[in-house]
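Here are my notes for someone opening this structure for the first time. Have it on screen as you read, and take the points in order.

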Amino acid sequence: MLQKKTIPVVGMACSSCSAHVEKTLSSLEGMQAASVNLASRLALVEYDDTRLTPEQMKAAVNAIGFDLIIEQDRSVEEIERREYSVLRRRTLLAWLFAVGVMAISMGWLPVGPQATANQLALILALACLLTCGRQFYVSAWKQLRHGIANMDTLVAFSTGISFLYSSAVTLIPHTSELSIFFDASVMIIAFVLTGRLLEERAKRATASSIRTLMGLQPKTARVVPTPSPSRGEGSLNTLSADNSSTAGNTLSADDTASKSHQTPLPSGGEGGGFEVGQPVPLSTISIGDILEVHAGEKIPVDGRVTWATSFMNPDAAFVDESMITGEPTPVMKSPTPTLPRREGVSPSISSSLKDKKLDAISTGAATSKANNSPLPAGEGAGVGLLRVLAGTIVQQGTLRMRATQVGEQTALAQIINMVQQAQGSKAPVQRVVDRLAMIFVPTVAALSLLTFVVWLLCGGGLQQAVISAVAVLVIACPCAMGLATPTALMVGIGKAAEQNILIKDATALELLRKVSAVVLDKTGTLTIPNQNIDFTRADSLPFEEREQLKPHAREAIERLSSLKTHPLPLPKREGSSMLSWLKRLFTPLPDREGQGESLPIWMLSGDREDAAAYWAEQAGIKHYRSQVKPQDKENLVRELQQQGHVVAMVGDGINDSQALALADVSIAIGTGTDVAMDVAQVTLMGTDLRALPEAVSLSHRTVSMIHQNLFWAFIYNMVCIPLAAGLPYAFGIPFQITPMWASALMALSSVSVVLNSLRLRYQK
């Protein structure tokens, strides 16, 4: 049976590392697909569990010097915190060694004759390499044993060569006239470690969206004791560990503090007659447990309301579901499927049309692992009063609920998993970079050797040849290229999630910017049907009584139409050769808000002609078709594609699934069916269609950022490698980048790429 998992990877430092881990996983028998992301440090694997196990994957990855975290008792966050702490200590120690060696080598610290100074510098440099730089040599050795190389190989070679050369000058008699480079080898270690430390801090910021989502998950829950024949009166209603699952762990104690309430608790088996116990870890909660949640607290798991009360309504509580729907209005929750309006209760809270449409989100537990959609399907009007979702907040009142989904099966956990998988997926541009990274380090090593030989043949001398070769090894940086795409994607997908736009994979984010035609379903996507009408008289009712245009729908269509497309349609697919990719990289992206034709938008409806024409006019849509069937929707998408358009299909129902599957970019409405959301690459949570133009705009900004990052990463290497090799000397210019400055520039290039990606978080 095919399994799809996201597994954390430990030990990767550059794009060559991630490329080799991916290649190793892909080569395993039973592996269907493997994608390793450097920025998120996640491996997204799809494998046949009858032929391959996670333990076998871990063994294969361990053999090349990396590690997979598959054990349940190992915390990835704890490992990362520990590694960051070790890295920080090593960096500080490396700088202490570097200052000491520099002071001795430059004569700032008088220690006696030059020979004595050189020997003391040798001892300090050796201590630095063995303590602070040991990881580079261990990693390089493991890589070379398998015939591969990465950034650690370049650092190990450059520092090792400069140290051995300097040691030979220090220890061999009659070589005192030659210079030593102990300071260069130590400074290289210090600068590389500093670059990685800054890089780690910046990459933590790119993953802030995931931490925000995880922060919605409470750590504890308040269980209501119930009588049980097997456990006795008043024991906690907790089932076996098989049904329990660990949830998130980033909630402060304040979030779980008990709030006082005035309404007396009910009597009876579902929560009355027994005192509520102290909060217990979420991992102990099982399906069927009765939980109590007070005002201001987060609902711990998905479930059904068994009792609720508030000062606004004695039979209901009100829950803020904005983290799912994006709608700020609290939703009424009650064990009674249908409640009459209470005096003093706002109509917008008690029985608004929005609440009826949002039943699809608030009514069910998360789908199973076999289904990719994080949201529950609708179960009919009124059922949304019963259902509550993990992470939502009780705004007013107190409620008790029976747990129906826990751990990884909750809607919130499914959303987090989807965002993690999207951030771990690769855009097409990243796959080209990975192929380049596989040959980058061997190419740099060959260039370094060529530089050494050329300087010797040209009479530059051994010392100049060593300096130039080491500088080339140090300054070449595959890290910047490797981080250029995934860091921008992580920030872009995370920003989308914060705006209630769930993007399933990086390909969809990259394609959204190329969309040159949009096809919209009407009912459920553009309009909200009235569930309370007499369907036998529906055809005779005014259009406005049968359904309503979604709030802000016309504004969304106008903003979407204002995005410009090219006079000639964009090509559906681009060439995959390295040359064509480089050509696209150095070509500026078209401005979607500049000159050009308006983005064509089509509305499709199964309704009759006059109704379709009316709602198209209300929404500001020029192109529409009425009385269409699912096959007609698919045919229109295919027709537009044959004209050269990149088509985005937006729908919410099973009848849209054919067109969604065929479209270049498929977008589902979060209040729709599981089938539509399963097929779609993008899910808009809630009913606000303004997320559509925002998704397109975000795609353009993200891909622009990727191109910026890759452009500067390539320019950096194209300019700096010749300067490090001493090419200006061939034109009579006495200038060269020394190994020490090369290490500083290399560290700066990686950090600058990550910091540039972070600008996406603050762009409007």
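1. A word on terms before anything else: "contact" here means heavy atoms within 4.5 Å. Keep in mind, too, that this is a predicted model. With that settled, look at glutamate 634, which sits in helix α22. Setting aside neighbours within four places in sequence, glutamate 634 is in contact with Gln658, Ala659 and Leu662. Its side chain also makes a polar contact, at 2.9 Å, with the side chain of arginine 638. Is glutamate 634 buried or exposed? Buried: its relative accessible area is 13%, and the cut-off for that label is under 20%.

2. Next, the open sheet. Six strands make it up, in the order β6-β5-β7-β13-β8-β11, and the pairing is antiparallel. The edges are held by β6 (280-281) and β11 (387-388); each has a single partner strand, so one side of each is left without a neighbour in the sheet.

3. Strand β5 (residues 220-223) pairs with β6 over two antiparallel bridges, and here threonine 220 stands opposite proline 281 of β6. β5 also pairs with β7, again antiparallel and over two bridges; valine 223 faces leucine 291 in β7. Then β7 (residues 290-293) pairs with β13 (residues 398-405) in the antiparallel sense over four bridges.

4. Now jump to β23 (residues 665-669). How many of the five residues of this strand are buried? Five of the five, so the strand is largely enclosed by the rest of the structure. Both faces are covered: Val665, Ile667 and Ile669 are buried on one side, and Ser666 and Ala668 on the other.

5. What does β23 pair with? Strand β22 (residues 647-651) joins β23 in the parallel sense over four bridges, with alanine 668 of β23 as the bridge partner of glycine 651. Strand β24 (residues 682-684) also runs parallel to β23, joined by three bridges. Alanine 668 turns up here as well, with threonine 683 in β24 as its bridge partner.

6. On to charges. The count comes to 16 salt bridges. One of them joins the side chains of arginine 546 and aspartate 607, at 2.9 Å from N to O. Arginine 546 lies in helix α18 (residues 543-546) and aspartate 607 in the loop between β20 (601-604) and α21 (609-619), so the pair ties together parts that are 61 residues apart in sequence. Arginine 546 is buried, at 12% relative accessible area, and aspartate 607 is buried at 15%. Both belong to a network of salt bridges that links Lys522, Arg546, Glu547 and Asp607.

7. Two further salt bridges deserve a look. Arginine 690 pairs with glutamate 555, their closest N and O atoms being 3.8 Å apart. This pair links distant parts of the chain, 135 residues apart: arginine 690 is in the loop between β24 and α25, and glutamate 555 is in helix α19 (residues 553-562). Arginine 690 counts as partly exposed at 26% relative accessibility, as does glutamate 555 at 35%. Arginine 701 and glutamate 694 also form a salt bridge, with closest N and O atoms 3.5 Å apart, and both of these residues are buried.

8. Some backbone angles to check. Most residues other than glycine have a negative phi. Asparagine 500, however, has a positive phi near 65°; it sits in the loop between α16 (478-498) and β14 (501-503) and is buried at 16% relative accessibility. Glutamine 627 has a positive phi of about 50°. Its place is the loop between β21 (623-625) and α22 (630-642), and at 53% relative accessibility glutamine 627 counts as exposed.

9. Last, the surface. Leu727, Phe731, Ile733 and Phe735 make a nonpolar patch of about 440 Å². Phenylalanine 735 lies in the loop between α25 (691-725) and α26 (739-758), and counts as partly exposed at 42% relative accessibility.

How values were computed: Residues are numbered from 1 along each chain as its sequence is written. This is a predicted model: local features need pLDDT of at least 70, side-chain atom pairs count only at pLDDT 80 or more; totals for chains, interfaces and linings use all residues. Side-chain values use heavy atoms; hydrogens and water are left out. Two strands pair if DSSP finds at least two bridges between them. Patches are made of residues with over 30% relative accessible area and no salt bridge: like charges are joined within 9 Å, nonpolar side chains (Val, Leu, Ile, Met, Phe, Trp, Tyr) within 5 Å. Accessible areas come from the Shrake-Rupley method with a 1.4 Å probe; for residues, only the protein chains shown count as cover. A salt bridge is a side-chain nitrogen of Lys or Arg within 4 Å of a carboxyl oxygen of Asp or Glu. Buried means under 20% relative accessible area, exposed over 50%, partly exposed in between (1.4 Å probe, protein chains only). A polar contact is a pair of N or O atoms within 3.5 Å; within protein, one must be able to donate a hydrogen and the other to accept it, and residues adjacent in sequence count only if both atoms are side-chain atoms.
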